[in-house]
Amino acid sequence: MTTPTTDALPSSPLVVTERDLAGALAILERADQDPDILMVLSDEELLALDGEASLRILGSPYLDQEQVHRETAGATAMRGLIARRLVNPTDQAREEEGDLLIGEGDPSDRLIQLELGLAGILTLRRTPEALLTIERVASQVRTTLGLHFFPGGVLEEFVAADGFHHFCVPTLASLPSRLAAFVDPHGSAGDDGDVQEMTVAAVTSLEGLEDTRALSTLTSVNDQGARRATVFTLADRVRVVDNGTEDPAGTQPGDLLAISDVSASALEQIIESLLPAGSGSDEESTDS
């Protein structure tokens, strides 16, 4: 999978209407500390709805299999969306789209109309102000978590190894503990250790890393650039590498990185530091 960079932030869709915005706001209003899954979409459904570019950042595990024909899978998925009445390809029973907010053209000329919840999720997915991705490998299974940030809210997208994208809306205050549990699924974090500086080559050859139970790469992207951290969850500890600001030239073997063992609370603090400004738990707790 291509690692997100500043240029990889999704661009605005060609068309966003008042109806699309209403659907997006209704989704964000459903935020909960322990959120329910609002919708599950497959790789091929996202391909049919938004094209190849929509799968570039968080990946498409199912479609990436050699035996899957992407074009055929996308066409079949669109038929399924129509059958489930999530997509309306006719002029009948369409809701008023309202004024055009982004893009050009007449909203009434759209070839299809999406069910309001689907329209809201796709609008949020297409237009985040910032993005945090976590790619985790545990027990040789790769999964990805994507957090799409907006003023006052976040859309979470969990991409399972089978290519299903699970969407929910957690509260901003719950993110540090929620994401810490994702990168440390066995609760291995112990005591805080001293911060050491070592080269990339030295980090990769550290004794004990062969016992890694989960390896997570966190990448935070906004219009100011990208930052990255790597989390090694071992049997009895969690080690975090601060990869710093994303370098367009990439990380070199001789570059110095900061690494340390971290406690559960320190892990949450590190994750909170990667969240967009104003989206941490302290910010929201004053309003609750």
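1. Helices α1 and α4. In this predicted model, helix α1 (residues 18-28) packs on helix α4 (residues 116-126) at an angle of about 85°, and the two axes are 7 Å apart. That angle makes α1 roughly perpendicular to α4. On the α1 side the contact is made by Arg19, Asp20, Gly23, Ala24, Ile27 and Leu28. On the α4 side the residues are Leu116, Gly117, Ala119, Gly120, Ile121, Thr123 and Leu124. Sorted by class, the contact of α1 with α4 has 7 nonpolar, 4 polar and 2 charged residues.

2. The buried side of α1. Which residues of α1 are buried? They are Arg19, Asp20, Gly23, Ala24, Ile27 and Leu28. Helix α4 is one of the elements against which these buried residues pack. The others are the strands β1 (15-17), β5 (113-114), β7 (141-150) and β8 (153-159).

3. Glu95 and Arg19. Glu95 sits in the loop between β3 (87-88) and β4 (100-103). With a relative accessibility of 46%, Glu95 counts as partly exposed, whereas Arg19 is among the buried residues of α1. What does Glu95 touch, leaving aside its neighbours within four places in sequence? Its contacts are Arg19 and Gln113. The side chains of Glu95 and Arg19 make a polar contact at 2.9 Å. Arg19 also takes part in the contact of α1 with α4. Another residue of that contact, Leu116 of α4, has its C-alpha atom 9.2 Å from that of Glu95, with the two residues 21 apart along the chain.

4. Helices α2 and α3. From α2, the residues Glu44, Glu45, Leu47, Ala48 and Leu49 meet Arg70, Ala73, Gly74, Ala77, Met78 and Leu81 of α3. The contact of α2 with α3 divides into 7 nonpolar, 1 polar and 3 charged residues.

5. The aromatic pair. How many aromatic pairs does a search of the whole structure find? The search finds 1. Phe158 and Phe182 form this pair, which is edge-to-face, with 6.2 Å from centre to centre and 80° between the planes. The pair links distant parts of the chain, since Phe158 belongs to strand β8 and Phe182 to helix α5 (residues 175-183), 24 residues apart. Phe158 is partly exposed, its relative accessible area being 23%. Phe182, at 11% relative accessibility, counts as buried. Strand β8, which holds Phe158, is also one of the elements packed against by the buried residues of α1.

6. Positive phi at Arg85. Arg85 is a residue other than glycine with a positive phi, near 60°. Arg85 lies in the loop between α3 and β3. Is this residue buried or exposed? At 72% relative accessibility, Arg85 counts as exposed.

7. Positive phi at Ala93. Ala93 is not a glycine either, and its phi is positive at about 60°. Ala93 is placed in the loop between β3 and β4, where Glu95 also lies. Ala93 counts as exposed at 77% relative accessibility, while Glu95 is partly exposed.

Key: Residues are numbered from 1 along each chain as its sequence is written. This is a predicted model: local features need pLDDT of at least 70, side-chain atom pairs count only at pLDDT 80 or more; totals for chains, interfaces and linings use all residues. Side-chain values use heavy atoms; hydrogens and water are left out. Axes are lines fitted to C-alpha atoms, for helices over the stretch in contact, and angles run from 0 to 180 degrees between N-to-C directions. Helices (H or I, at least four residues) and strands (E, at least two) are DSSP runs, numbered from the N terminus. Angles under 35 degrees count as roughly parallel, over 145 as roughly antiparallel, 65 to 115 as roughly perpendicular and the rest as oblique. Contact means heavy atoms within 4.5 Å. Ala, Val, Leu, Ile, Met, Phe, Trp, Tyr, Cys and Pro count as nonpolar, Asp, Glu, Lys and Arg as charged, and the others, Gly among them, as polar. Buried means under 20% relative accessible area, exposed over 50%, partly exposed in between (1.4 Å probe, protein chains only). A polar contact is a pair of N or O atoms within 3.5 Å; within protein, one must be able to donate a hydrogen and the other to accept it, and residues adjacent in sequence count only if both atoms are side-chain atoms. Rings of Phe, Tyr and Trp (its six-membered ring) pair if their centres lie within 6.5 Å; planes under 30 degrees apart count as stacked, over 60 as edge-to-face and the rest as tilted.
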